[in-house]
Amino acid sequence: MYDGRWFTPLCQSILAAANSLAAPVSGEVVIKLYKGQATVVQKRSTNSLYSEDFATFGDDDVYDQSHAEGFIRLYSLSSRIRTLNKQK
């Protein structure tokens with residue numbers, strides 16, 4: 001959208017992706033405006049993926065804590081490779 005590319009297929013693709021991702025988004029947001037800053041202070045949605053029942057480090061049927069190690073290793077892979085390359 002920058003560099004004069006508003007009227008390009010790339011821009012149309014980015015906007016289509018944003019619209020598709022936003023399709024299930026609904027709800028209400030309260031925003032505090034102060035000296036050029038916007039801060040979200042409250043949000044509510046019937047489509048929210050957050051649930052207090054699962055916001056725990058205890059036992060539940062949704063998330064197995066032993067999966068965290070593999071996820072963390074996978075997520076940090078690019079950083080580890082970059083560090084290894086710098087050490088060479």
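Mentor: Let us start with V29, whose bridge partner in β2 is K43. Two strands pair if DSSP finds at least two bridges between them. This is a predicted model, in which local features need pLDDT of at least 70, side-chain atom pairs count only at pLDDT 80 or more, and totals for chains, interfaces and linings use all residues. Residues are numbered from 1 along each chain as its sequence is written, and side-chain values use heavy atoms, leaving out hydrogens and water.

Trainee: How many bridges join strand β1 to β2?

Mentor: Seven bridges join β1 (residues 28–34) to β2, and the two strands run antiparallel. They form a hairpin with two residues between them, and K35 in the turn has a positive phi of about 45°.

Trainee: What is the count of buried residues in strand β2?

Mentor: Buried means under 20% relative accessible area, exposed over 50%, and partly exposed in between, with a 1.4 Å probe and protein chains only. In β2 (residues 37–44) the count is zero among eight residues. Across the 88 residues of the protein chain, 2% are buried.

Trainee: Which pattern does the protein chain follow along the sequence?

Mentor: Helices (H or I, at least four residues) and strands (E, at least two) are DSSP runs, numbered from the N terminus. Here the order is α-β-β-α-α. The radius of gyration, taken over C-alpha atoms, is compared with a globule rule of 2.2 Å times the number of residues to the power 0.38. For this protein chain of 88 residues the radius is 20 Å, well over the 12 Å of the rule, so the chain is more spread out than a compact globule.
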